[in-house]
Amino acid sequence: MLKKLLLLVLVNISISGVSQENITLTYTGNMGVYLSDGDSSVLIDGLHTKYGDDYLFPTKKLINRIHAELQPNLILFTHRHGDHFSIQLSKDYLISNKKAFLFGAHQITKNFDDFKNRIFTIATKDYKKQTTTQGNIKITGLKINHAGKRHINIENVGYIITLSKRRILHVGDTNWMREINLFDQLQLQNENINIAVLPYWMLMDDNAEALIKKHINPKQIVATHISPRIKEKELQSLKNRYPAVHFLTKLEEQIQL
Ligand SMILES: [Zn+2]
């Protein structure tokens with residue numbers, strides 16, 4: 001009897017130990033991810049509207065679910081492009097969840113003067129990492145240049161989220177950008193990244209495996225920004241090249257991390 005009881009206690013301890021560290025990632029379209037440990041939660045690039053046929057966006061039903069059920073404590077944005085961010089949806093959310101905070105570069109936060117004490121601006125003058133703590137969540141923001149010459153004036157920021165001892169990196173719309181030695185300047189390789197959320201084109205580089213290992217060194221990779229119109233053959237060849245990578249293509253699909 002005593003043995004049985006002891007076994008039961010041990011099993012319970014190990015189950016609660018596991019569940020405390022479990023993180024769920026829920027896909028919300030394009031580069032949108034909702035991260036939750038069941039207690040605290042963050043939504044990154046999760047509030048935007050239809051931008052074109054190549055960008056998956058959260059439906060009205062999913063937006064309602066974000067308001068009523070998911071209720072992220074923090075809403076973070078990498079940059080102002082319409083496939084990542086909507087001013088109106090963000091204001092609606094800050095009004096509906098009075099405890100929520102918003103993070104972004106100045107091009108984002110300048111739109112929220114009415115919510116002043118609930119807004120954090122990530123500076124983009126250099127690559128310095130800027131860290132804040134909100135409840136159980138640690139948020140580090142840093143400048144990461146937007147890919148493409150025509151977007152040179154877009155302030156793109158990346159985030160490292162620490163949630164239940166996991167470190168999740170989200171880089172926004174960037175690329176390897178060797179012409180400015182971007183990833184040498186970011187210094188992410190010693191940040192103990194568990195999960196890297198990347199736009200899928202960063203995986204298409206001929207040297208992607210080596211670049212990821214050298215500059216980010218994550219335990220897991222989540223690929224996003226995949227067009228709903230991508231050719232099945234192209235997606236399949238990427239999946240074949242990267243059998244361990246999670247390729248997100250369906251709204252509300254979940255990964256346990
Ligand atoms: Zn963009």
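Author: This is a predicted model. Start with pairing: two strands pair if DSSP finds at least two bridges between them. In the hairpin of strand 1 and strand 2, two residues lie between the strands. N30 there takes a positive phi near 55°.

Reader: How do you know that strand 1 and strand 2 pair?

Author: Pairing needs at least two bridges. Strand 1 (residues 24–29) and strand 2 have five, in the antiparallel sense. Therefore they count as paired. Y27 stands opposite V33 of strand 2.

Reader: What joins strand 2 to strand 3?

Author: Four bridges, with the strands running antiparallel. The cut-off is at least two, so this is a pair. V33 faces I44 in strand 3. These strands form a hairpin with four residues between them. In its turn, G38 has a positive phi of about 90°.

Reader: Why is strand 2 called mostly covered?

Author: A residue is buried if 20 or more other C-beta atoms lie within 10 Å of its own. Five of the five residues in strand 2 (residues 32–36) are buried, so the label holds. G32, Y34 and S36 point one way, V33 and L35 the other.

Reader: What makes strand 7 and strand 13 edge strands?

Author: The open sheet has seven strands in the order 7-8-9-10-11-12-13, with mixed pairing. Strand 7 (130–134) and strand 13 (246–247) each pair on one side only.

Reader: In which sense do strand 10 and strand 11 pair?

Author: Parallel, over three bridges. I168 stands opposite I195 in strand 11.

Note on methods:
Residues are numbered from 1 along each chain as its sequence is written. This is a predicted model: local features need pLDDT of at least 70, side-chain atom pairs count only at pLDDT 80 or more; totals for chains, interfaces and linings use all residues. A residue is buried if 20 or more other C-beta atoms lie within 10 Å of its own, exposed if 12 or fewer, and partly exposed in between; C-beta atoms are placed from the backbone.
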